[in-house]
Amino acid sequence: MKESPVAHTLQFPDGFHWGAATAAHQIEGNNINSDWWPREHAAGTSIVEPSGDAADSYHRYAEDMRLLKDAGLDTYRFSIEWARIEPEKGFVSRAEIDHYRRMVDTALELGITPMVTLMHFTVPRWFADEGMWRAADATDRFARYVETALPVLGDDVHWVCTINEPNIAAMIAGGEDPANLVAYGLPAPDLAVADTLLDCHHRAQEILSGVGGIRSGWTIATQAFQAEPGCEDVKHAYGYPRDDWYLEMSRGDDWVGVQAYTRTIIGPDGPRQVPDGVETTLTGWEYYPPAMAEGVRSAWELTGGVPVFVTENGIATGDDPRRIDYTEAALAELHAAIADGITVEGYLHWSLLDNYEWASGYRPTFGLIGWDKETFERRPKPSLAWLGEQAKANALTVR
């Protein structure tokens, strides 16, 4: 009889952060002044369904944070909505600033470390109508928004993400249909938009540097590009403007976020589709737990040793035990990267809640917590309790 493998424990560094992440538009609901709302409702849209009420976390954020904390997690990354704070150009909603500050206060009162993302894809309608990142004054408008949002951060938010996934944002902002943003075959980013996003990132950092204690960075969607034999040049030509450039531009930042889910294999003609017979998730991505650690290693190398924070990692599945399997394997690979000397500040699971996954709607379920679409009753999954147990021990038990 074959013996079962013996479980062993992998200890993480002291002060390592364990938590989960969300994005405002994907969980708050009724973000009607954002550029995504009309896109969702346009005639003939490729987006499968509108976000609507989403998970109503705009009103239920305190319950969501308590579930995170009660499970044993200690860090929550959430975004604030520019479209709510400045719904019309030059008009600032003090009530919305107060709302997001209450979110920060709630996290702190619960003993949760908040990480605030200033821009997670969505922007105000008026900004999109004026040309978005192609507008001549785009950087100035973003900088004014960051200044306006400073009261949300106060002097007790120490982790701030300026821009979420600028490499993906450059594709979306450049007019790419979001339904095409898949793990393979990513369209070429608009390089002028990429430059503007980098300028916005730097301006935001200048503003944030005047607030004591803030560590700022941005988050990159790493794709774990892997070249087939003889295709290294093709990989570089394909991967550099979609991934590596953004990591190189992170040199000198306080930290860089890695957001990783799967890999992309590059052949002589570019990215390969996932072959038949390979396990895939509800997003059609290959089940590939090493992707996160590969992104971390790439970020560490290309930034010249900037501390890395895993700001998103997870799996879209209705099979929660499989979610645990994936996360366990991904964390084991992450531990190996840390053991090799890479500074990793923490791990944030995507996502705390089942949420609105942009063009794919509500079908891909990434959450540690499910919820009823009629009553919004929260339904924590076993994966939440499992991850919380690892967090409380600051160690991974590998089965």
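This briefing describes selected strands, helices and residues of one protein structure.

The structure is a predicted model, in which local features need pLDDT of at least 70, side-chain atom pairs count only at pLDDT 80 or more, and totals for chains, interfaces and linings use all residues. Residues are numbered from 1 along each chain as its sequence is written, and side-chain values use heavy atoms, with hydrogens and water left out. Helices (H or I, at least four residues) and strands (E, at least two) are DSSP runs, numbered from the N terminus.

- Two strands pair if DSSP finds at least two bridges between them.
- Strand β2 (residues 17–21) pairs with β12 in the parallel sense over 5 bridges, and Ala-21 stands opposite Trp-350 of β12.
- Strand β11 (residues 308–312) also runs parallel to β12, joined to it by 2 bridges; Val-310 has Tyr-347 in β12 as its bridge partner.
- A right-handed β-α-β unit is made by β11, helix α12 (residues 320–339) and β12. A crossover is right-handed if, with the strands pointing away from the viewer, the path from the first strand over the helix to the second runs clockwise.
- As a general rule, the side chains of a regular strand alternate between the two faces of the sheet.

**Glu-312**

- Glu-312 lies in strand β11, and the unreviewed UniProt entry places the feature "active site" at Glu-312. UniProt positions are given in the numbering used here, feature names are shortened, and annotations may be inferred rather than shown by experiment.
- Glu-312 counts as buried because its relative accessibility is 4%.
- Not counting residues up to four places away in sequence, Glu-312 touches several residues, including Arg-77, His-120, Asn-164, Glu-165, Leu-348 and Trp-350; contact means heavy atoms within 4.5 Å.
- The side chains of Glu-312 and Gln-259 are joined by a polar contact of 3.0 Å. A polar contact is a pair of N or O atoms within 3.5 Å; within protein, one must be able to donate a hydrogen and the other to accept it, and residues adjacent in sequence count only if both atoms are side-chain atoms.

**Helix α8**

- Helix α8 (residues 166–173) is largely enclosed by the rest of the structure, because 8 of its 8 residues are buried.
- The elements covering the buried residues of α8 include α2 (36–41), β5 (159–164), α9 (191–208), β6 (215–221) and α10 (232–248).

- Strand β9 (residues 264–267) pairs with β10 in the antiparallel sense over 2 bridges, and Ile-266 stands opposite Pro-271 of β10.

**Cysteines**

- The structure holds 0 disulfides; a disulfide is a pair of cysteine sulfur atoms within 2.5 Å.
- Cys-161 is in no disulfide, and the nearest cysteine sulfur, that of Cys-200, is 13 Å away.
- Cys-161 is buried, with a relative accessible area of 0%, and Cys-231 also counts as buried, at 5% relative accessibility.

**Asp-372**

- Asp-372 is found in the loop between β13 (369–371) and β14 (378–380), and this residue is buried, with a relative accessible area of 18%.
- Not counting residues up to four places away in sequence, Asp-372 touches Glu-377 and Arg-379.

Conventions:
Buried means under 20% relative accessible area, exposed over 50%, partly exposed in between (1.4 Å probe, protein chains only).
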